[in-house]
Amino acid sequence: MTLKQLSLIILAATAILWLSWVLVLFEVDPTTGGWAGLLVFYGSLFFSLLGSFFLSVLVYRRLTNKTDLEYKIVSASLRQSFFFALVIIGALFLQSRHFLTWWNIIILVLGIGALEYFFLSFKRATPSSAEPPSPPGGYIPPDF
């Protein structure tokens, strides 16, 4: 799948998700909908934001990083858009429970920032230059 095909699919899905969120917003009563109504509201908003942020971050990364591979751009864009959407949904949920304060937002952003730092610093261990190179494929008998 090319990057253009992925972008078009995500764009179509995001448009459908925004329409579903508007439908939920105007048709579901939060007082009578119960937890299912709130779950559908927050879920549709989360995935709508995820698609929107993904497309915007993908376009930004594509324009600024000409040398990066496409799968790296897509994975970083998806991860960061997930975190952006999670912060917004988390803040809205805290506001609905009357727990939204400035220190809760700072804790939420620092937690997401620490998670992003973990993903950025997590790299596979590469063999150091002090280790001997691995032998070529096939069986090589030992020297006696």
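Tutor: The discussion below concerns aromatic pairs in a predicted model.

Student: By what is a pair of aromatic rings described?

Tutor: The description rests on the distance of the centres and the angle of the planes. In this structure, a search of the whole model finds 12 aromatic pairs. One of them joins Tyr-42 and Phe-93, whose ring centres are 6.0 Å apart and whose planes stand at 75 degrees. An angle over 60 degrees counts as edge-to-face, so the pair of Tyr-42 and Phe-93 is edge-to-face.

Student: Which parts of the chain does the pair of Tyr-42 and Phe-93 tie together?

Tutor: Tyr-42 belongs to helix 2 (residues 30–64) and Phe-93 to helix 3 (residues 70–96), so the contact ties together parts 51 residues apart in sequence.

Student: What is the geometry of the pair formed by Phe-53 and Phe-84?

Tutor: That pair is edge-to-face, with 5.7 Å from centre to centre and 75 degrees between the planes. Phe-53 lies in helix 2 and Phe-84 in helix 3, so distant parts of the chain, 31 residues apart, are linked. Phe-53 is partly exposed at 22% relative accessibility, and Phe-84 is partly exposed at 42%.

Student: Which residues form one aromatic cluster?

Tutor: Phe-46, Phe-47, Phe-82, Phe-83, Phe-118, Phe-119 and Phe-122 make up one aromatic cluster.

Note on methods. Residues numbered from 1 in each chain as written. Predicted model: local features only at pLDDT ≥ 70, side-chain atom pairs only at ≥ 80, totals over all residues. Heavy atoms only, no water. Phe/Tyr/Trp six-rings, centres within 6.5 Å; stacked < 30°, edge-to-face > 60°. Helix = DSSP H or I, 4+ residues; strand = E, 2+ residues; numbered from the N terminus. Buried < 20%, exposed > 50% of the residue type's maximum accessible area, 1.4 Å probe, protein only.
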